[in-house]
Structure formats: C-alpha cells, structure tokens
Amino acid sequence: MPSMDAISRGLVLDSLREYAKRRLPYDVIRELDHANEFPAEILKEMYDPAVLGVHLLMIPEEYGGVSGGTYDICRVCEALARIDLGIATGVFATFLGTDPVNVGGTQEQKNKWLNRIARENLLVAYAATEADAGSDLINLRTRAEHVVKNGKIAGYRITGNKQWISNGGVAHLYTVLAMAPGGPSWFIVERDMEGFSPNKHEDKHGIRLSNTAALALDNVYVPAENLIGLEEGKGLMQAQAVFGYTRLMVAAFGLGAGWEALEQAIRYSQQRIQAGGPLSDKQGYTHKLIVPHAARLEAARAYIEYTANRLDGGGHGLQTEGAIAKYSATENGNKAAEDAIQALGGYGYTRDFPVEKIKRDIKITCIYEGTSEIMEMTIYRGRWQEHLKSRGRYHLDMADGMDRLHTDTHDCGAYAAGLALRALAAVMEECRVQKLTRHQHVTFKLGRLIALAETAACFARASAPGRYPDSVRFDAAIYKALSRVYAREAALTLAVEGLALVLGASDNSSGLDAAVNLPAVQEAQKGLIADMDLAAAGLKTTFKAK
Amino acid sequence: MIEVSKKCIGCGKCVPVCPFAAVQMVDRLAVINEACTLCGACVQVCPVKAITINREEASARRDLSSYKGVWVYVELMDVPGGHGKKVRPVTLELLSAGRRLADELGQELCAVLIAEKNHGWEKELGEYGADKVYLSEHPEFFEYNTDIFSTAVIGIINRHKPSVMLYPASIQGRDLAPRVAASIYVGLTADCTALAIRDGLLVQSRPAFGGNIMADILSPTSRPQMATVRPNVMKIDEPRPGRTAIVVREEIKIDKGLRRVKVLERKLAHDKAGTRIDEARVIVSGGRGLKTKEKFRLLEDLSALLGGVVGASRAAVDMGLKDKTHQVGQSGTTVSPKLYLACGISGAVQHIVGMKASDIIVAVNKDPNAPIFNVAGHGVVGDVHEILPKLIDSLKKKGK
Amino acid sequence: MNIVVCVKQVPDSTEVKINPETGHLIRAGVPSIINPYDHAALENALKLKKAYGGRVTVISMGPPQARSVVQLGLALGADEGVLLSDMAFAGSDTWSTSYALAKGIAKIGKTDAIFCGMQAIDGDTAQTGPGIAQQLGIPQVTFCEHVDIEGKNFIARRHIDGGHEIVEARPPVLFTVLVPREFRPRWPSFPEIHGSSKKPYHVWTAEDIGAEKHYLGLKGSPTQVSRIYPPPQRDKAEMFTGSPHEAAEHILAIMRKGQFIGD
C-alpha cells in the first residue's frame, strides 16, 4: 500500500492525540476499565469521518479510505496504545477483520465491502480462534456446508463456535474462518443473519475497554458471493499472508503501551524526592528500572520500522520479521510496564496511577496474534532455514555488515551487535553439528537469541548518522547511547546464554567458547555505566515532570 | 528617498493626508517637498501605488551619531466616570527607566505627548524626569487610533531623531510601536523587563518561551532603538516637585480619511472598589485549589477587608471561577502590588511571570513542592479552605 | 471575500529549557505545534468563509517542515497554502518576517482581510501582525476576541486595557486574534488530512516574492540577540507549617509587619 507523506502522518497523529486529550482523560478511561465497559460512543466518534475516521486508514483510497501504509498504521497503533490498549484493540479488530477482504477478496468483493466499511463506519471482527484452534488453525471445527440450488452452489450453511473474538459482541460485520468442503475458507457474515449470535462480554484481566465475546453460529446461511476470493481452501494462506503486518501492529501496541508506562515512571522519578534527591538522579533506580527498558523498547521500535518500511517497499510475507518485531516489542513492553509499577512504588500499585492498568492491558500483546512462544518457534524456524541455506553465513554476513558500519560510525553500537551476531552464528552452527534442535527448548531459546541479536543490529543501523527516525523523541546522542547499551546486553546474553544452551544439551562444546569470543564481549562492556548515565540524563530532560 | 512615479494619476488623495503639508499638486502630479518626514501616510492612500519610499537609501542616509535623546511615549487613559484623561502610571515607570538611560548616555529625556488637548501634563512629566515634552495637539487625537497616532509619532521621530524610544507594553503601546518600527525600518524589542546601556547601545532584556528563558537584544544598526516595556516591572522614582519640562509644540495636520478603523463602542471593566488589578496595592489571588465559585468568594471577602483586588490564575479562569479581566500572568495582566497573596495557586511559569515583581508574596498551598514557593517570600503549607475562613474571622473581629 | 491567514510553527513553549553550560536551547523531544493564537485566527477566518463564502489562503514562513502548519490549515478547510521557505529568511526578526510575509501576501493577490494570531508563544512579541499591515499600507485591528462581517465591513470585538471595544473596519484590513476563552480548537479528521495533501500548495523563495535580500535574515534584521540565559531564580520562601489557626496568625503577622493592617 502506498505510504502517507510524513507531514500528513504527523497531522494524523496530532489529531488522534488531541482527540484523546479532549475525550479520553485518564479518569474516564479508569472508570470504563473498572466498569468493564465498551465505549461504544467513543468508538462511533473515532470512526466518524468528520471527527477522526480512524478505520479509513487501512482502506485504499479507491474504496473511500485514505490508503495508509504499514508504517503509517504502525505509528497510529503506537499512538492508540498510548491512549488505551482496549480502545486500540477495538480499532485493530476492524483492521484485522477487513484484512481477509483486502488480501483475498475479488475486485467486486472489495468494491462492495470496503466501500461499505468506509462509508457506513462499520465495526468489523476477525473470527478465527476456537476453543481448540488458536495459532494451530488446522484443528478448525466450524463447518461451512454447500447449499445447492439448481445444480449450483448458491451459498453455505455455517455452524460452529468462535472464542475470544475482539469486537465480537459489537461488530456489524464478521469475517469468519470455517472449514468448507474444499478446505478452510473465509466468509463474510453480517450481524443480523439468522442463526448468528454473540455471547456475553468476557471479564478480562486487562483491555477491559475492548469488547471480547464468543460467537455461536447455528446453521447461518451465507450467500456464495460472501466466500472471500470465491474459492474454497485459501483460508489459511490468506491468514498467513497478513501475519507479517498484523503482528507488526501488535508489536506497535507493545511499543506504545510500554513507552507510556516508562514515560510515566520517568516523569514521576523527577518529583519523588528520596534521601535528599529525586529518584531520577539515582543510578540504583534509573539504571535498573528505566534505562534498560528505554534501550529495549527503542531496539524494538527500530525493528518494527525497518520491517514496516520493507513491507511498504513491496516486501512480501516477512513472517519471521513480523514475529521478531512482535516478540521483542511485546515482551519488552510488558517488562517495562511491570518495572514501571515498581518505579512508582506504592503509587504504582494503586489505580490512581495509569501504570497499573497499562500492566494489565499490555499482557495481552504477548498472547494475541500468536503467543510469545509461537513467536519464538516462528523466528527459529525462519532463521534456521536461512542458516542451513546459507551454510551458516546468514548471521555472519549480517555481522560483517555491522563491522563495516562500525568502521564508519564507531559509536552506534555496531561493534557489540557484530559480536552478538557472530556468537549467534557459532551457537546455531554448533546446534546443527550436534543436532541439538531435536530439543524443543533449544529451538525456542534460539528464537529468543536470534531476536535479540537481530534487533541489536537493526538498532545500530537506525542510530547511524542520517538514519535518525522521525518517531524518536530524544536527540541523536542519547539515541546512540541507548543503542550501545542494548548492543552490549545482546552480546553478553548471546555469548553467555548461547554457550550455556549448547552445554546444557550436550557435554561437548568443542571450542564454542572461543567462537562466542567471551573476552571480547566482556571488553565491549567498557563504558556501559557512562552510557547509562548519559541516557538517564537525556530521558529526564526529554520527559520532564509535568 | 521618496519618489512619485509616472503612475500618478493626479487624484490628489495624498495631499490632505500628509501630516506635514509636504505634498503639493503641480501640473496635476503629486510633488513632495523637503518637509517630508518619510512617514508614509501618502503611500498608504495612493490608489495606484505611485508613491514609494526607498528605505535602503533612507537607512544609508542615516548618520547614527546624529540621533540623540531618550524618548518615552506618553500613554493617556480615561479617568473612570468620564472625567477626562490622565497620564497612565506606566508612563511614569518608563520615565524613571528612561531617566537612568539618558543620564548614562549624557542625553536628554523627552516625552512624546499626542493629545486632543494638553492639561498641563508637562508638569507631571517633568517631575518624573522628562527634560522636554514634544507635544502635538489635534482634535483628531481625541482617542487612540493606530493610523493617526503612528503617523504623528513617525513624523516627530523623523524630525528630531531620538536615539532610544520606549513605549509601554500595553495594548496601545503594542499596537503602535510595531507599526512605527515597520515604517522606519528600525529594531523593536517587545515586552522588556530590564534596560541598560552598554558601549553606547541599549541592551534590552526580555523573557521568551513563556518566561522559560531570558534574552538580551540589541539594535546596533538603526535609530531610534525602540522597546516596549512591561508595565509594573520598572520602579517609579520619587518625583521632584517643581521640576518642569520644556514644551516643544509639533504642528501636525491630520486628515479625517486616515481614520480607517472606527470605534463603535467601548466598555471598561472595573473592580467593585474601582481599582484596576494592574494598579492595585493588595491582590488576593486564587487558583485551581479553590475548586468552586463559592469558595472563590472567600477571596473576595478577604480582599474587601484588605482593600485589595481579586486576582486569578489561568486555571481558575478556565474553570470559570473568575472572569478573564482578573487573570494574572503571561496571557492575562502583569501586576506588581505591595502584597500578593496566592491561595491554592501551584505557580505555573505563565502565572509567575505576571506576579513575580510584587513586593511581598505570600503563598498558601497544600503541596510543599509547589513551584509558587520558589517565588514567594513567605510560604504557608496548608489547606486554603481551612486557613482562609480563620483569616477572615480574625480580620472581621479586628474591624469591630 | 479573500482571506489570508498567517500561521507559525512553534515549539511547545512550556517544555523549553536552557542548557546552563552552553546557553543553548534544549529542543530535543519538544514537539512542534501550531501557534495556538494562529489556530484561533485560522478558525475565525474559516468560520467567516463558511458563513459568507470566499477563499482562504494559509501562509507561513519557515523551514520545509513548517509545511505541517500550512497543511493543518488546508485540512481544516482553507483552499490554498503557501510556505515562504528559503535560507535567506533564516534568522529574520519581526521586522524582516513582516516584510517577507507582506511580500508573500502581495503575491497571493487581492486580499480583503488578513488574520494573524495576536502573538506567537515562542516570542510573545505581537509585532509581526502590525508590521505586515504597515508594510502593506492597510489598517489593523489588534487583540481581537472575535471578527465578524456586517454588510461590506468587518466588525471586531477587541480587547483593550481594562475592557473591550467594538470596532468597524473596511476591507482590506489586518486582524490579530487572541485565543478566546474556553477555546476548543478543532483538529482535522483522517480523510480531511488526506484530502489536504492534494490541495494547491506552493513553496516560494525570496526571489519568488520579489523580496530584497538585504531586508531578510540575520543581516536584514534590525534587532540582534546578543545573549540568552536562564531567568534568575529567587531565594526559596521562608516556609511555615502549622494548624490552620497558626497559619492564619502567621499570615496576619506578615500583614501587620508590612502595615497592610493595623496592630
């Protein structure tokens, strides 16, 4: 999809923020969270093209939308998550629900449905998940049976139950995955079709402003023209095709909510005086609860934006990249939110401050659109193939790239990121030689290590001169310091845990300790505290106490 | 230089508007004589844009050393109840500041008085430091009008060439000064809070970015060096009774056609006691902490007992606790009473710039870390809702 | 009715701090916004357009990224946008800025009214509007709370020291507008923003508007900033904590000492 120009994107983000400032102050959100209430009026306003028209972002211009690109959508998702992850999820559900039409619909179907969604401000839901079918959609139980009239397939009768469907109880339109005689297929189901009924709104740990409900389909008749793509059996492919960027949206949620929590902590730390000075001046506080999270979230941001730009540039699939982005951003966001509670101490544990709610909300990002463990597996699977295909060169080539970058820009973290990538390549090669991937634990752990090393490399590239992204709110010196902090962490984790992983699975590491180059990794830790000091001071001036 | 091009159609509109009778019609073409002060009044009325002033030459012509004297624009105000006009107190502040600058430079301090009729004001202006008063009287000066007053001021400046000219940073001064500066291509610094002379140049200090930073500004290449000065910032020196200023009359012709904006109606809001907030001796001010309109009335009771005026922070005004005429701060009024009592005001920067010049500042706030305590001389940590009634009671008892 | 609105992109002033060592402004992380007074001016102009028809052009001067505030005006309903952008403008003070904007407005064509914010929150000078009016030789009405049209004339309610007045002005005239009480600025929707990127938009250089370079930039500006520094800090207050009664007595003592009340 074409991307918006930077100015228009900036205005879109401004309008969204201003809307939230005006209509969704924290006490309103807090009240809705407590009442477990879906803010129907707010969503209606947000869809109103005279107020925001947020759903138009992912509908192409020719169907009445505004043709937002992946990068644009990610930025909006980040901003939505900063407001409230429940509301964000409500908007995202429409994006997601519209996706099967966008990806697999015929020209005629796109004309009809995308135009209707755009014009009538329809809330859409994406109904794939079932009690026994989450990421493993192959166990799908919902059935779609032919209804034949005059020797032709006139329609389908769908029967089955869907679970945990966002917007489930409030949507106007549903894209439902069902097993047709020709295989899994997507169908467009309208709310008022006979036999269709949503269940009650779930009582959830977080994102309580998002409506989540189970759906019951009892012999629901759907005309044949509602089969997306007019061809059976394409459902899983259509679902897979969008993961690259739907997971990127959830990644942006983790990034936005995580940063919101962290920002609250940074601002708070300047007001709370302890032992004669503000917490923001104490390393015991900043270097544990603030700076590492800022570094990890910015690494995730760099990776999200890198992947989004590749998708906007015509890149296809990018499922491994989508998984790395989601895994890094949501896991790091979740941990940042947890430490934000710690950072606010007793206040953080009360509902008077938003961090408590953010912590509850953000957990879902590690679960929906594929759990973190599914991400670890996906990342491992994707890169393991690359490792084999390239005869172990995949990450070594990436490391060479880091060394070249380091020659030009010695202070962007490229050196340590290169060490991390070389350690990764050595560990993966050792796993291959010793056939250690027969242990599922090894494969999932490799997924985690791959994500860490590759995000470090991506962060180093983003912080090189001339590449400074417009989404970053602090200046280049601080950004680079954060990249160095993160690259050191990546190198150390890769070397120590990679070696330990191999040793734990076999008693022979055959010189792997030399290959992960622990002495160099340790040498690279020099200057860590100075960088953290720099970052802590920079974060303080950027996010001043209000 | 001023030039009349061939585009002149001989309509004659420029002749009556010239304040200095410098335009004549010769053979149905406008001709400009040496009485011209380059004020530009004719340029503005010419329907075919035939008259141009080449400022480049005008500025190259300037010999900066020939510009001498510190001038102060005299702002007049209506006396409440329709009792004529008086000199606005801010003018006296400017005279005190201007006096120091003039002494430093070893030059005269002059007041520029544009009035329908002078009421012996040169005595008051003289007592407060003016050596000379440039006085221009005309019926058309009955009320302030941008076009008419700027034309007059530009004319007098061009004739007598001052080195420094100060205006109050009031609505009138801020309307007039930029108009004059634009016309004669000179530097103008807005809202100064301090003035000094360094190496013969006027150093103009002013807050910027909502008071978060200060800047020193110079106008080294043009004269006069012009500044508007915040009311209630400069202290008024003791007057010297009997000291008087020489009056220099400036003849200026004003054409009615110059009055392009007409005032249809004017309303002045005065406090019940009749004192304006920027001239109050005591101000009792409230902020967000007062919470309701009823609670805000406590401030009015207290202020009445002290003979003061009620002020409000922007937050209180936005909450509708008090109307905007009482707002103290950057976007409201700058005040400098002898006593400023801040009740339930946290002390946003924009409020502080408007009241920090007060002599004695007493702040009451629940939060011991409220920024208001950074500017207050006396801080009281406590709940205004509990303290105010006690204060009022004690004062009432004393009154009996 | 042709209206031109002048807008400026400013840093969100309340967050600007100064580095005490270098004396430079710390601008990192400070978002750029439309000057709120200009936002109010824009909405007043667009209201007139909605009620009486006509054409609204938004003009700004600044670096390329200042397009953002021009496009905001287009998204809110203006018809055409102009950005004066040229290295020659860099460092212009209010005199040079007024000169350039006046030249730009003259190039736009016949104009009945110019709307400016009363002042910009980064400088608070309130000089650019009157400067433009003088350069163009048209009258001005400053510090307007609201501007409306009656017949062929404009009627404005303007703030004056201690009150307000209602004035009447014939076109062409320049208004400077303050932020009305409880002003809730409107922000454009996504489709409005999308549409605005397709409206006529021009970037003009100094040469395009026929501005003479010696009037522009640092060199053409009659004022120069010689130093910036943090505002002086006052000494901390003498603090008092006690019961409400004690607090009241404490305040009375201060008032007695200052002779605001009798003994």
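Modeller: Here is a walk through the chains, their contacts and a few of their packed elements.
This is a predicted model, in which local features need pLDDT of at least 70 and side-chain atom pairs count only at pLDDT 80 or more, while totals for chains, interfaces and linings use all residues. Residues are numbered from 1 along each chain as its sequence is written, and chains are lettered from A and ligands numbered from 1 in the order in which they are written.

Colleague: Which two chains have the most contacts between them?

Modeller: Among the two pairs of chains that touch, chains B and C have the most contacts, where a contact means that the C-beta atoms of two residues, placed from the backbone, lie within 7 Å. Chain B brings 76 residues to that contact and chain C brings 70. The side of chain B that touches chain C has 38 nonpolar, 18 polar and 20 charged residues, with Ala, Val, Leu, Ile, Met, Phe, Trp, Tyr, Cys and Pro counted as nonpolar, Asp, Glu, Lys and Arg as charged, and the others, Gly among them, as polar.

Colleague: And how far apart are the closest C-alpha atoms of chain A and chain B?

Modeller: They lie 9 Å apart, and no contact joins chain A and chain B. Chain A does touch chain C, with 25 residues of chain A in contact with 18 residues of chain C. On the chain C side, α2 (67–76) and α5 (190–196) each supply at least two residues, and α2(C) gives the largest share, five residues. Helices here are DSSP runs of H or I with at least four residues, strands are runs of E with at least two, and both are numbered from the N terminus. By class, that side of chain C divides into nine nonpolar, six polar and three charged residues.

Colleague: Back to B and C, what is the order of the strands in the open sheet of 10 strands?

Modeller: The order is β17(B)-β11(C)-β10(C)-β9(C)-β12(C)-β8(C)-β1(C)-β6(C)-β7(C)-β13(C), with mixed pairing, and two strands count as paired if DSSP finds at least two bridges between them. At the edges stand β17 (261–268) of chain B and β13 (201–204) of chain C, each with a single partner strand, so one side of each is left without a neighbour in the sheet. β17(B) and β11(C) run antiparallel and are joined by seven bridges, with Lys267(B) standing opposite His164(C). Within chain C, β10 (residues 153–160) and β11 (residues 163–169) also pair in the antiparallel sense over seven bridges, and there Ala156(C) stands opposite Val167(C).

Colleague: Changing topic, how is chain A divided into domains?

Modeller: The assignment gives domain 1 (6–122), domain 2 (126–232), domain 3 (237–366) and domain 4 (376–542), and such bounds come from an automatic or database domain assignment. The C-alpha centres of domain 2 and domain 4 of chain A lie 42 Å apart.

Colleague: At what angle do helices α11 and α14 of chain A pack?

Modeller: Helix α11 (residues 372–389) and helix α14 (residues 440–462) of chain A pack at about 80°, with their axes 7 Å apart; axes are lines fitted to C-alpha atoms, for helices over the stretch in contact, and angles run from 0 to 180 degrees between N-to-C directions. That makes α11(A) roughly perpendicular to α14(A), on a scale where angles under 35 degrees count as roughly parallel, over 145 as roughly antiparallel, 65 to 115 as roughly perpendicular and the rest as oblique. The residues making the contact include Met375(A) and Tyr380(A) of α11(A) and Phe444(A) and Leu446(A) of α14(A), and by class the contact has eight nonpolar, two polar and four charged residues.

Colleague: What about α7 and α9 of chain A, parallel or perpendicular?

Modeller: Helix α7 (residues 235–271) and helix α9 (residues 319–348) of chain A pack at an angle of about 20°, with their axes 7 Å apart, and that makes α7(A) roughly parallel to α9(A). By class, their contact has 19 nonpolar, 11 polar and three charged residues.
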